[in-house]
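Trainee: Could you take me through one part of this model closely, and then go on to the packing elsewhere?

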Amino acid sequence: MARDQLQVLNALDLAKTQLYHFTAIVIAGMGFFTDAYDLFSISFITKLLGRIYYYVPGSKVPGSLPPNVSAAVNGVALCGTLAGQLFFGWLGDKMGRKKVYGMTLMLMVICCIAEGLSFGNSAKGVIATLCFFRFWLGFGIGGDYPLSATIMSEYANKKTRGAFIAAVFAMQGFGNITGAIVALIVSAGFKAKYDAPAYEVDAVASTPPQADYVWRIVLMFGAVPAALTYYWRMKMPETARYTALVARNAKQAAADMANVLHVDIEEDPNKVEQLSNSREQYGLFSKEFLRRHGLHLMGTATCWFVLDIAFYSQNLFQKDIFTAINWLPKANTMSALQEVYKIARAQALVALCGTIPGYWFTVAFIDIIGRFAIQLMGFFMMTVFMLGLAIPYHHWTTKGHHIGFIVMYGFTFFFANFGPNSTTFIVPAEIFPARLRSTCHGISAAAGKAGAIIGSFGFLYAAQSTDRTKTDPGYPPGIGVRNSLFVLAGCSVIGFFFTFFVPEANGKSLEEMSGENEEEENEMETIAGYTQTVPV
């Protein structure tokens with residue numbers, strides 16, 4: 001630790017785990033709970049939207065979203081998220097974490113309600129307004145990524161910082177399964193009240209008019225957890241690192257953290273000014289940033305990019321994979337509400353058995369074995385299990401072997417979450433300077449969402465059968481699920497090697513990792529050396 005470390009930052013680094021740490025985890029984590037709910041709940045209802053708005057009279061199969069509409073509905077929120085990560089990441093470094101945090105939450109609440117109130121009952125009107133509001137919902141969600149990670153990293157002590165940031169991110173798992181549970185409850189309730197025959201029995205009656213309320217309720221419920229946490233977000237003080245190192249208000253930083261930690265902290269106003277003047281205030285596009293952190297940013301962005309290609313392509317299209325291996329009945333043997341129920345049940349099982357345990361394994365072990373080892377292991381095991389699915393794919397799709405496929409598929413999610421899906425979120429919040437921390441995290445996260453867009457849009461087409469007669473209506477032949485899994489395994493291999501560009505932050509302060517202490521020490525050594533050579 002540098003000898004010029006501010007007392008308020010030193011107090012944060014050495015603080016014992018206290019109630020305020022868990023409060024911060026819950027408040028920041030509920031944002032991620034909402035994020036996961038909103039981003040993944042769309043996968044429960046796309047089949048229902050197709051049945052309601054794209055029914056073709058006389059067709060032997062239920063209506064489905066045309067390829068361009070399906071791509072828009074699934075991907076528009078990801079596009080908004082990418083834009084929001086870049087914009088709010090930058091804004092968080094300019095205006096402060098707390099101010100921008102409130103903006104993102106209110107945007108999420110408003111758009112969750114608005115998307116469920118999409119206008120009219122015609123396909124064009126409903127889908128257009130749904131996509132419009134989902135873009136802005138994604139924009140708000142995007143801001144939550146850099147801000148939640150940065151706030152938690154700047155509040156945490158250095159001993160358990162990784163576990164705290166991982167716990168915030170782990171709330172995604174609960175958001176994911178809550179989305180499935182809400183879809184199960186709503187679809188079961190409507191099915192009990194408005195029971196309908198299978199599509200092959202009565203095509204029109206299989207989708208009761210009341211089914212239009214189901215998808216709206218599922219989407220609008222996402223506003224509830226976000227609205228409940230707004231007050232507590234606004235009560236959180238600005239992080240001491242931003243207040244002291246970026247806003248240069250040592251008095252306010254010391255007062256805020258003294259109130260939180262319940263200890264007396266020296267204000268150090270002169271030291272803040274001294275350190276601010278001694279540091280090189282290099283910018284994001286400077287040669288100095290490129291020299292110090294260029295490879296780090298390339299590593300975090302590339303790893304997140306390839307991880308999300310694999311993660312989102314599987315997560316958003318689990319229902320298609322389940323159908324391909326005959327784990328879900330054929331669509332024409334079910335009513336609309338029954339199909340929603342079975343898709344939600346299948347995804348809930350994967351979330352419960354594979355997704356949630358992986359997140360919490362990361363929380364438990366990240367400060368023991370470190371970020372680097374977990375990420376490397378995660379990419380390696382994802383590659384192994386994807387190849388284990390792809391190579392004997394025809395074996396898994398034969399009758400009697402479906403459970404084995406689901407187990408293997410669940411393990412890919414387990415090692416994604418006990419691996420790069422968690423660490424790619426954590427590390428960018430630890431290794432960059434305070435004045436650029438939120439921006440760099442936003443850039444890394446946006447690279448991830450670019451991968452998610454490729455995964456979700458690309459998988460719509462890539463996973464189609466190579467046999468033109470077996471493709472979904474409106475889609476050209478693709479490379480099939482088996483070859484798509486080979487591609488995703490290749491993405492994991494790329495992530496494995498780019499992990500070597502990312503430094504290990506375990507047990508180190510944020511200033512040590514960002515090089516800010518190094519700047520101070522070099523300055524002090526220069527001054528000391530100069531003093532020693534001056535003749536008396």
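Mentor: Pro 503 counts as partly exposed because its relative accessible area is 21%, where buried means under 20%, exposed over 50% and partly exposed in between, with a 1.4 Å probe and protein chains only. The model is predicted, so local features need pLDDT of at least 70 and side-chain atom pairs pLDDT 80 or more, while totals for chains, interfaces and linings use all residues. Residues are numbered from 1 along each chain as its sequence is written, and side-chain values use heavy atoms, with hydrogens and water left out.

Pro 503 sits in the loop between α21 (480–498) and α22 (510–514), helices here being DSSP runs of H or I with at least four residues, numbered from the N terminus. Leaving aside residues up to four places away in sequence, Pro 503 touches His 296, Val 427, Ile 431 and Met 513, a contact being heavy atoms within 4.5 Å. His 296 lies 207 residues from Pro 503 along the chain, yet their C-alpha atoms are separated by 7.2 Å.

Elsewhere, helix α2 (residues 19–40) and helix α7 (residues 161–193) have axes that come within 6 Å and cross at roughly 40°; these axes are lines fitted to C-alpha atoms over the stretch in contact, with angles from 0 to 180 degrees between N-to-C directions. That angle makes α2 oblique to α7, since under 35 degrees is roughly parallel, over 145 roughly antiparallel, 65 to 115 roughly perpendicular and the rest oblique. The crossing of α2 and α7 is right-handed, meaning that the near helix is turned clockwise from the far one by less than a right angle. Residues of α2 in this contact include Ile 25, Phe 32, Phe 33 and Phe 40, and those of α7 include Phe 164, Val 168, Gly 175 and Val 182. The residues of the contact of α2 with α7 divide into 15 nonpolar, seven polar and no charged, where Ala, Val, Leu, Ile, Met, Phe, Trp, Tyr, Cys and Pro are nonpolar, Asp, Glu, Lys and Arg charged, and the others, Gly among them, polar.

Within the largest nonpolar core, of 99 residues, Tyr 145, Met 152, Met 257, Phe 311, Tyr 312 and Phe 425 touch the most other members, a core being a set of buried Ala, Val, Leu, Ile, Met, Phe, Trp, Tyr and Cys residues joined through side-chain atoms within 4.5 Å. Helix α2 supplies the largest share of this core, eleven residues. A second, separate core has 32 residues, among them Val 73, Ala 123, Ala 180 and Ala 348.

Conventions. Helix = DSSP H or I, 4+ residues; strand = E, 2+ residues; numbered from the N terminus.
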